[in-house]
Amino acid sequence: MSLLICLPNKFQPQLLSNALKSLDSELHIEIGKEHVKNNSSVEFAVDWKNHEGHLLNYPNLKAILSYSHGVDNLLSSTELPQGIPIARLKDETMAKLMSEYLLAVVLLHRRQLLNYAKNPEFSNWGTSKYHPGNQIGILGLGYLGQASAKMFLRMGFDVAGWSRRIKQIEGIKCFSETKSLLKMLSQTDYLINLLPNTSDTLDFLNYQILSMLKRGAYVINVGRGKTLVDEDLIELLDSGHLSGACLDVFRTEPLPFKHKFRNHNKILITPHNSSITQAEFAAPQILENYRRAISGKKLLHLVDMKHGY
Ligand code: GLV
């Protein structure tokens, strides 16, 4: 019986296999659907996209593990085996990486540091230019959103968050539903999108919503590209309503060379790397879910199929 890892090379499947083997040397691991010797032996699959619908090929498959926080790539497959549970990762290391990235971006803007890269005398010697505003607004208070919210709180920011289901988190102003979203936006200096990619969030950050932000606000998208309407962001940056944006995710990735986001002087672009799954930290929970799956127990971090995350 085997555990199949089916991930593109950029996710370093061999590293994950090594990390799993170092926890349990008896594991029988296969890497890549094309190397599976006997389809009936596959009981557990680590995947992210269900390339060519291969997950339908394993009659004894008991569970699927999505090798990322966002499960949209996997769930968008029309050829998923029915009734097989899907779990996702909830990884403390990924939460730390995300928090670190967000803090770096907010401080870069707040202290205007990128301007000194272009001109070391951007402010007079011994003086500093500070982008005003202390209010962070986070869209999506899941695992990564909550970890980031708490980090900003510890750093002395005022933090608010909005989620589909209302949350209660000490020290953080929590909102839910559209009416209260508008209230949160009107007070937000740094808007961070961590919403999952679902039919409800498609084009959610459009002109109407973004223009509700406080004048001079800064937008950070680390959720998914399809949540943001590209042209609407550009319009609000060009009109001066928004002071800048940092984008890590895009509708098309890699971001096409001719896209307007490139070379826009108010946009900072990173190549979808704000928080990447780290094999050695993901391995223990993958092994735990593998063991649960083969002994018929409920998996950790099950995906809510109805809501798509
Ligand atoms: C990255 O985008 C992830 O979903 O983990």
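# Reading helix packing, salt bridges and burial

Analyst: At 23% relative accessibility, Arg-292 counts as partly exposed. The cut-offs are under 20% relative accessible area for buried, over 50% for exposed and partly exposed in between, using a 1.4 Å probe and protein chains only. This is a predicted model, in which local features need pLDDT of at least 70 and side-chain atom pairs count only at pLDDT 80 or more, while totals for chains, interfaces and linings use all residues. Residues are numbered from 1 along each chain as its sequence is written, and side-chain values use heavy atoms, with hydrogens and water left out.

User: With which residue does Arg-292 form a salt bridge?

Analyst: A salt bridge here is a side-chain nitrogen of Lys or Arg within 4 Å of a carboxyl oxygen of Asp or Glu. Arg-292 forms one with Glu-288, and the closest N and O atoms are 2.7 Å apart. An α-helix has 3.6 residues a turn, so residues three or four places apart point the same way. Both Arg-292 and Glu-288 belong to helix H9 (residues 279–294), where they are four residues apart, about one turn of the helix. Helices (H or I, at least four residues) and strands (E, at least two) are DSSP runs, numbered from the N terminus. Glu-288 is partly exposed, with a relative accessible area of 31%.

User: How many salt bridges does a search of the whole structure find?

Analyst: The search finds ten. One of them pairs Lys-33 with Glu-52, with 3.7 Å between the closest N and O atoms. Lys-33 sits in the loop between strand E2 (29–31) and strand E3 (42–47), and Glu-52 in the loop between E3 and strand E4 (63–66), so this pair ties together parts that are 19 residues apart in sequence. Lys-33 is partly exposed at 22% relative accessible area, whereas Glu-52 is exposed at 65%.

User: At what angle do helix H3 and helix H5 pack?

Analyst: Axes are lines fitted to C-alpha atoms, for helices over the stretch in contact, and angles run from 0 to 180 degrees between N-to-C directions. H3 (residues 92–110) and H5 (residues 143–154) pack at about 50°, and their axes are 9 Å apart. H3 and H5 are therefore oblique to each other; under 35 degrees would be roughly parallel, over 145 roughly antiparallel and 65 to 115 roughly perpendicular, with the rest oblique. The crossing of H3 over H5 is right-handed, that is, the near helix is turned clockwise from the far one by less than a right angle, anticlockwise being left-handed. Contact means heavy atoms within 4.5 Å. On the H3 side the contact includes Met-98, Leu-102 and Val-106, and on the H5 side Leu-144, Ala-147 and Met-151. By class, the residues of this contact are eleven nonpolar, two polar and one charged. Ala, Val, Leu, Ile, Met, Phe, Trp, Tyr, Cys and Pro count as nonpolar, Asp, Glu, Lys and Arg as charged, and the others, Gly among them, as polar.

User: At what angle do H1 and H9 pack?

Analyst: Helix H1 (residues 13–23) packs on H9 at about 55°, with the axes 9 Å apart. H1 and H9 are therefore oblique to each other, and H1 passes H9 in a right-handed crossing. Among the residues in contact are Leu-16, Ala-19 and Leu-23 of H1 and Ala-283, Pro-284 and Leu-287 of H9. The contact of H1 with H9 has ten nonpolar, no polar and one charged residues.

User: Is Asn-289 buried or exposed?

Analyst: Asn-289, which lies in helix H9, counts as buried at 1% relative accessibility. Beyond its neighbours within four places in sequence, Asn-289 is in contact with Phe-44, Leu-65, Ala-87, Leu-299 and Leu-300.

User: Which residues are buried in helix H8?

Analyst: In H8 (residues 230–238), the buried residues are Asp-230, Asp-232, Leu-233, Ile-234, Leu-236 and Leu-237. Their cover includes helix H7 (207–210), strand E10 (217–221), strand E11 (242–247) and strand E12 (267–269). Just after H8, Gly-240 takes a positive phi of about 90°.
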